[in-house]
Amino acid sequence: MYPLLARRSHLAVYLLLWMLMGILLAAILALLGGLPWTNALLGGLPMAVAYSFICLSAWYVARSMPLAGTGAIRVVATALAAAAVSAAMWLVLGRGWMVLVATRWPPAQGARTFTAIQTLLFGAGVLLYLLALAVSYVLVVYEASQEAQRRGLQGQVLAREAELRSLRAQIDPHFLFNSLHSISALTTADPPSARRMCLLLGDFLRQTLALGGADRITLSREVALIENFLAIERVRFGDRLTVAVDAGNAGDCLVPPLLLQPLVENAVTHGIAHLLEGGTVRVTAGHDGGWLRIVVDNPCDPDRPKRGGAGVGLANVRARLRALHGEEATLLAEERSDRWYVEVTLPATAGEPA
Amino acid sequence: MSGDALRVVIVDDEPLARTVVREFLKHHPGVAVVAECGNGFDAVKAVTELSPDLMFLDVQMPKLNGFEVLELIGRHVPVIFTTAYDQYALRAFEVHAVDYLLKPFSEERFAEALTRARGRLQSHEPVPDIDSLVADSRPKSGPVERVLIRDGSQVHVIPVEKIDYVEAQDDYVCFKAEGKQYLKDQTMGALESQLDPARFVRIHRSYFLNIERIARVELYAKDSRVAILRDGTRLPVSRAGYARLAKLL
């Protein structure tokens with residue numbers, strides 16, 4: 001839809017400008033054409049209004065022939081041809097109109113005829129059309145940039161929604177089912193422990209919900225969350241699971257929330273859970289030279305079934321890092337002599353939690 | 001079953017999960033827990049040695065999962081699966097599980113499963129051949145990643161990439177891996193549906209070869225070739241076997 005026709009106020013301004021143009025035209029007709037003012041105004045104003053609509057076609061020319069990707073000669077030739085055709089059409093219409101006006105109010109003797117100034121009018125028509133075309137090009141470019149901006153915003157909203165969805169998906173429901181089953185066992189076997197487990201689980205879920213909404217949190221808060229998670233898993237796995245978490249000098253660094261949680265969950269479900277004797281999940285962090293480095297490692301069974309779901313959590317973490325830091329953040333995951341080793345490196349930013 | 005206690009084995013890697021089963025069983029007279037196992041190896045050993053009447057079996061465990069335990073036991077012991085995962089229910093049904101309890105489960109639901117198990121034991125239903133059932137359900141889940149072999153009450157787990165070749169020996173197949181050999185009560189035909197066809201080629205009626213082990217193939221006589229492995233072992237290659245090999249290499 002033509003942008004001027006979409007809004008009434010814009011159209012009014014446009015027509016007003018053309019009215020001024022019409023007065024100018026009337027002046028030309030009166031002074032150079034020697035017509036009486038009545039005839040000049042009656043002829044000039046409607047002609048201006050008619051041309052204002054003919055010039056609207058310039059927008060379609062501008063849109064169908066983008067400046068980028070079209071040869072300069074072709075652009076100039078098309079513009080001139082469109083301008084000439086429009087001006088000629090206008091003159092024919094104008095002439096007819098003037099004749100009609102003249103039959104009602106015959107001009108005084110000695111007035112020059114319309115024909116005498118039609119070369120001048122043709123030139124003016126061509127120039128006006130070219131002006132309209134130039135304005136149309138500006139409008140097309142402006143519209144394109146608006147559209148790009150709108151799409152960019154829409155993209156951001158979609159990315160944010162996907163992020164939240166993936167956050168929710170990161171908490172494995174089976175972790176909850178198994179924890180509830182442990183509580184079911186403890187209610188008769190060890191009631192105080194059952195209560196403790198309920199509190200741990202409640203804390204963990206509350207932290208997850210609270211942190212999920214934040215953009216960035218301090219590493220200490222993320223570490224508190226995974227310590228809570230590991231405390232619950234320790235109730236389930238007993239002596240098989242031990243934990244060593246050390247945030248080092250990086251406690252104040254900011255990280256996306258629940259960045260480490262899926263890595264630690266993998267360490268338990270795909271690492272420790274496959275070992276008869278269990279082992280230690282180790283989380284260490286440190287920052288130097290503007291980089292924050294976090295390592296999650298755990299012993300693993302080299303003969304474990306490899307077709308596990310570990311890839312999903314890892315891919316999620318990788319995608320989030322990429323979305324937030326682009327090429328600056330890296331995630332390395334590999335098996336090193338019966339240990340599973342995941343290293344995350346991202347630009348270190350310190351500050352209060354968002 | 002009257003008079004004799006129902007002899008039960010509980011298999012779960014989480015001590016608290018075993019506690020739940022043990023506690024719920026207390027309220028059912030005539031049931032004796034003969035073993036509690038924290039992993040699949042112990043479960044295979046316990047079932048081999050104790051021949052229980054019923055087994056409570058977790059699915060996700062270290063070393064061997066619940067289905068692998070069933071495959072290794074090789075004969076039918078009524079099983080009640082206990083797991084937090086609902087996605088194994090179909091497979092559990094395929095191996096004729098008595099019931100499938102989703103953690104956390106109630107005492108009423110547990111009692112129902114136990115009643116169903118007693119019913120199954122009293123009716124003396126014909127025992128389905130677990131081997132064929134497990135084999136049947138295999139192709140849907142793709143080729144195996146590891147081969148499980150039971151040697152008495154001991155279990156060997158061989159990752160397929162460590163297998164050099166497999167040789168038919170009467171009613172058995174013999175796996176050669178890392179200088180050792182393991183006998184398994186299986187047919188070459190059943191094995192064919194389990195091995196990854198991109199890795200193992202049937203070079204002869206009696207041989208599957210891991211193509212990564214092959215060094216070269218030599219002409220041995222008219223229409224017969226011999227495959228020489230990296231460690232120098234020589235294996236016969238039939239005409240059809242050579243065609244299959246050539247297609248893959």
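These legends walk through several close-up views of a predicted two-chain model.

Because the model is predicted, local features need pLDDT of at least 70 and side-chain atom pairs count only at pLDDT 80 or more, while totals for chains, interfaces and linings use all residues. Residues are numbered from 1 along each chain as its sequence is written, and chains are lettered from A and ligands numbered from 1 in the order in which they are written.

**View 1. Chain B as a whole.**
Chain B holds eight helices and 15 strands; here helices (H or I, at least four residues) and strands (E, at least two) are DSSP runs, numbered from the N terminus. Of the 249 residues in chain B, 38% are buried. A residue is called buried if 20 or more other C-beta atoms lie within 10 Å of its own, exposed if 12 or fewer, and partly exposed in between, with C-beta atoms placed from the backbone. Among contacts in chain B between residues at least 6 apart in sequence, 54% link residues at least 24 apart; two residues are in contact if their C-beta atoms, placed from the backbone, lie within 7 Å.

**View 2. The contact between chains A and B.**
Chain A brings 22 residues to this contact and chain B brings 19 residues. On the side of chain B that touches chain A, α1 (15-26) and β7 (154-159) each supply at least two residues. The most comes from α1(B), with six residues. Sorted by class, this side of chain B has 10 nonpolar, three polar and six charged residues. For the classes, Ala, Val, Leu, Ile, Met, Phe, Trp, Tyr, Cys and Pro count as nonpolar, Asp, Glu, Lys and Arg as charged, and the others, Gly among them, as polar.

**View 3. Helix α7 of chain A against α1 of chain B.**
Here the axes of α7(A) (residues 173-189) and α1(B) come within 8 Å and cross at roughly 60 degrees. This angle makes α7(A) oblique to α1(B): angles under 35 degrees count as roughly parallel, over 145 as roughly antiparallel, 65 to 115 as roughly perpendicular and the rest as oblique. Axes are lines fitted to C-alpha atoms, for helices over the stretch in contact, and angles run from 0 to 180 degrees between N-to-C directions. The crossing of α7(A) with α1(B) is left-handed, a term for a near helix turned anticlockwise from the far one by less than a right angle, with right-handed used if clockwise. Look for H181(A), S182(A), S184(A), A185(A), L186(A), T188(A) and A189(A), which meet L16(B), A17(B), T19(B), V20(B) and E23(B). By class, the contact of α7(A) with α1(B) has six nonpolar, five polar and one charged residues.

**View 4. Helices α3 and α5 within chain A.**
Helix α3(A) (residues 37-55) packs with α5(A) (residues 72-104) at an angle of about 150 degrees, their axes 10 Å apart. The two helices are therefore roughly antiparallel to each other, and α3(A) passes α5(A) in a right-handed crossing. Among the residues that meet here are L42(A), P46(A), M47(A) and Y51(A) from α3(A), and M89(A), W90(A), L93(A) and W97(A) from α5(A). The contact has 13 nonpolar, four polar and no charged residues.

**View 5. A three-stranded open sheet in chain B.**
The strands follow the order β13-β14-β15 with antiparallel pairing, where two strands pair if DSSP finds at least two bridges between them. β13 (214-221) and β15 (234-237) of chain B stand at the edges, each with a single partner strand, so one side of each lacks a neighbour in the sheet. On average, neighbouring strands of this sheet are turned by 30 degrees against each other, direction ignored. Six bridges join β13(B) to β14(B) (residues 224-229), and I214(B) has L229(B) as its bridge partner in β14(B).

In the loop between β5 (99-102) and α5 (107-123) of chain B sits P104(B), and the peptide bond from K103(B) to P104(B) is cis, with omega near -10 degrees. S51(B), in the loop between α2 (40-50) and β3 (54-57) of chain B, has a positive phi near 40 degrees, although S51(B) is not a glycine. With 12 C-beta neighbours inside 10 Å, S51(B) counts as exposed.

**View 6. L258 and helix α10 of chain A.**
L258(A) lies in the loop between β3 (254-255) and α10 of chain A. Its phi is near 60 degrees, a positive value in a residue other than glycine. L258(A) is buried, with 25 other C-beta atoms within 10 Å. Helix α10(A) (residues 261-271) is mostly covered, with 11 of its 11 residues buried; these include P262(A), V264(A) and H270(A).
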